[in-house]
Structures are given as structure tokens and as C-alpha cells.
Amino acid sequence: MNSNELDFHLPPELIAQSPAPDRAASRLLHYRRTGGVIDHLHFSDLPGLLRPGDLLILNDARVVPARFALRKSTGGKIEGLFVRELAHGRWNVMLRNLGTFTGELHFEADPTIAVSVLGSKDGEYEIQVRSTEPAAALLDRLGRMPLPPYIRREKEHDDRDEMDRSRYQTVYAKASGSIAAPTAGLHFTPELFSQLEKAGVQKAFVTLHVGLGTFKPVAVDRLEDHAMHVEAYTIEPLAAGAINAAKSDGRRVIAVGTTAARVLESQPAGTIEPKSGETGIFIYSPYAWKHVDALITNFHLPRSTLIALVAAMVGLDEQRRIYATAIAEKYRFFSYGDAMFVE
């Protein structure tokens with residue numbers, strides 16, 4: 001497939017800059033692959049669309065406040081993005097505006113903490129952070145939420161404000177380590193989960209820590225030439241058992257988001273085993289789905305690996321039709337935007 005087949009024009013005003021006041025009040029485009037029927041609903045209508053026994057698979061990754069700022073001794077500001085902690089005090093990061101500077105750096109929000117750059121490779125840096133605090137605690141205190149670049153904030157607006165810290169996080173986030181939110185899950189509320197439970201819908205959690213791959217556009221002509229970053233995931237025994245039971249009973253396994261879908265489809269056909277590992281799976285047409293029967297997802301960026309996954313589920317022509325319909329109906333796109341349910 002040529003990557004330009006996944007391109008489309010999106011009016012800038014449809015890129016959501018803030019979440020809906022109520023998570024479950026987001027709009028929901030319902031698409032049925034049998035017949036290609038499209039309905040326009042709200043996320044709060046989901047319990048009426050699902051069947052008793054359906055199993056929702058949700059990604060419980062928790063977003064780290066991964067953006068931070070450093071200062072050079074010359075006064076210049078360096079923007080940083082935490083990727084992972086290699087060992088205590090040793091971080092893998094992305095840095096912008098470092099240039100050829102080789103001196104000592106300090107956190108802008110806490111100049112008592114010194115930082116040294118140990119080396120770089122493929123645009124990523126390894127730094128030494130001289131602090132007794134673990135990375136998670138330090139970033140929670142000094143970092144900002146890693147909002148995607150298409151969400152604009154005024155200079156005087158602090159990305160750390162309570163709205164973004166709360167709303168760019170699912171209500172069930174648990175396992176800290178992700179640098180982007182599993183956005184399909186942002187629409188769920190405790191009240192909605194209660195309604196789903198009463199309707200006989202089950203749920204189970206897996207973990208996939210979204211990494212740099214989510215920020216990497218498809219820049220090659222042929223889709224299959226795109227190199228995916230690997231991301232760490234975990235399937236606990238409880239989730240594996242729930243998935244296997246649903247599959248054995250002939251009940252639907254519904255992935256909430258492309259991250260949950262990638263965890264499941266990274267597993268061999270047949271029985272799901274509890275495990276932790278890394279996945280670099282890239283799902284695009286044609287693809288034979290092994291475990292996922294239906295998908296809840298947001299609307300994704302043009303020429304992205306995420307829209308390729310959606311096209312692999314519905315077909316390229318239908319993906320184009322669905323997105324053209326969503327644009328015509330003025331759905332809100334991307335992380336803070338609306339959702340679609342494909343069954």
C-alpha cells in the first residue's frame with residue numbers, strides 16, 4: 001500500500017483542543033461492517049450497542065508528565081521529553097535546542113538538580129540526573145503532560161494545569177510509564193462502567209506503554225517500509241483468562257483503542273498466554289485479525305500507522321468513506337476528540 005492512500009484533508013477547526021465537558025458526552029460514530037451502516041450517536045449510548053458477554057479490553061497505562069525544560073549555563077532553554085528510565089538517575093530522552101552544548105544543565109523548575117548529557121544515538125539522548133528522587137516522582141513534581149503538538153496551548157497556559165493532568169488520563173489508568181494517552185479510553189467514566197456491568201458487558205485490562213512510535217509519522221512512500229518503534233506491554237493472568245474464556249464461548253473481544261488491539265494481535269493465534277514483552281507490530285491492509293472482533297477508537301492523523309490499522313479492519317475504501325462522513329458531520333478529531341465503534 002502507498003502511504004498517500006491514507007492521506008486526507010482535515011479542516012483545522014475539527015482538531016479538538018480540549019476534551020468534552022463530560023467524558024461520555026463525546027460523539028460516537030457507529031459503523032457496522034455488515035452492510036456498511038453508519039449511525040451518529042454519543043459515547044454514553046455504548047451500553048445499548050454492546051451485547052451481554054462482550055469483553056472490553058482496555059489499556060491501563062498511566063501517562064507520565066514527561067515533558068520538562070532544562071537550562072544551559074548560558075541561559076538557553078532546552079525542551080525535553082522523557083522516554084524511559086534506564087537505571088536510577090539515567091534517563092533516555094528527546095532533547096530540542098541542545099545544539100553542540102556540552103556543559104552542565106539544570107532543570108528550569110528546580111535549578112538545584114543538575115543534569116549531564118552522556119551520549120546520543122538516532123536522535124535520542126542519555127542523560128544523568130543527579131537527584132535522589134526516582135524519575136516518576138521527579139517528573140510528577142516538575143514535568144508537564146506530554147500533549148501532542150496539535151493541541152495548542154497559549155504561552156501563559158501551563159500544560160501542568162489540573163484539567164490536562166486529569167483529562168489526558170483515563171479514569172482507570174494504573175501502570176505508570178506511557179508518554180501518550182490511550183485516547184479511546186478517555187471517554188469512559190465510572191458511571192458508564194456501571195451501566196456496562198449491568199448490561200452484562202465484561203472488561204479486562206492489559207498494559208501497553210505508548211512510546212516514541214506514536215509521534216513518528218509515516219514518511220516513506222510504501223507503507224511496509226515504515227519502521228515501528230517497539231513498545232513494552234503486559235498481559236496479566238486475569239486478562240489472559242478472560243480473553244480465552246470469551247473466545248472459547250464465542251463471545252466478542254472488543255479492543256478499546258489501537259494500543260489494546262496491538263497487544264492482542266501481537267499474540268499467536270489460539271490461546272492467549274500471560275506475558276510481558278515488547279511489540280513492534282504494524283497492522284495494515286490486508287491483515288487477518290486473530291483475536292480482535294470489534295474496535296473502539298478515536299479519529300486519527302492522516303498518513304499515520306493508527307489510521308492504517310483502522311483501514312485494515314474496515315477496508316481502505318470504507319475507511320475513506322467513514323472519515324469523509326465524520327468530517328462532513330463535524331466530528332472532533334484526534335486525542336481530545338470523538339470516537340467510533342466498529343463492529
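Predicted model: local features only at pLDDT ≥ 70, side-chain atom pairs only at ≥ 80, totals over all residues.
Start with the cores. The largest nonpolar core has 64 residues, and the members touching the most others are Leu29, Ile57 and Phe333. The biggest contribution to this core comes from helix H7, residues 305-314, which supplies 8 residues. There is also a second, separate core of 26 residues, with Leu81, Trp91, Leu95 and Leu98 among them.

Back to Ile57. What does Ile57 contact, once neighbours within four places in sequence are set aside? The list is Ala204, Val206, Ile243, Val253, Ile254, Ala255, Val256, Ala260 and Leu264.

Now helix H7. How many of the 10 residues of H7 are buried? The count is 9, so the helix is largely enclosed by the rest of the structure. Those buried residues are Thr305, Ile307, Ala308, Leu309, Val310, Ala311, Ala312, Met313 and Val314. Their cover includes strand S1, helix H6 (258-265), strand S16 (294-298), helix H8 (316-328) and strand S17 (339-342). After H7 comes Gly315, with a positive phi near 95°.

Last, Ser3. This residue sits in the segment before strand S1, which spans 27-32. Is Ser3 buried or exposed? Ser3 is buried, because its relative accessible area is 0%, and buried means under 20%. Not counting residues up to four places away in sequence, Ser3 touches Val218, Val220, Asp221, Leu223 and Arg303.

Note on methods:
Residues numbered from 1 in each chain as written. Heavy atoms only, no water. Core = buried A, V, L, I, M, F, W, Y, C linked by side-chain atoms within 4.5 Å. Buried < 20%, exposed > 50% of the residue type's maximum accessible area, 1.4 Å probe, protein only. Helix = DSSP H or I, 4+ residues; strand = E, 2+ residues; numbered from the N terminus. Contact = heavy atoms within 4.5 Å.
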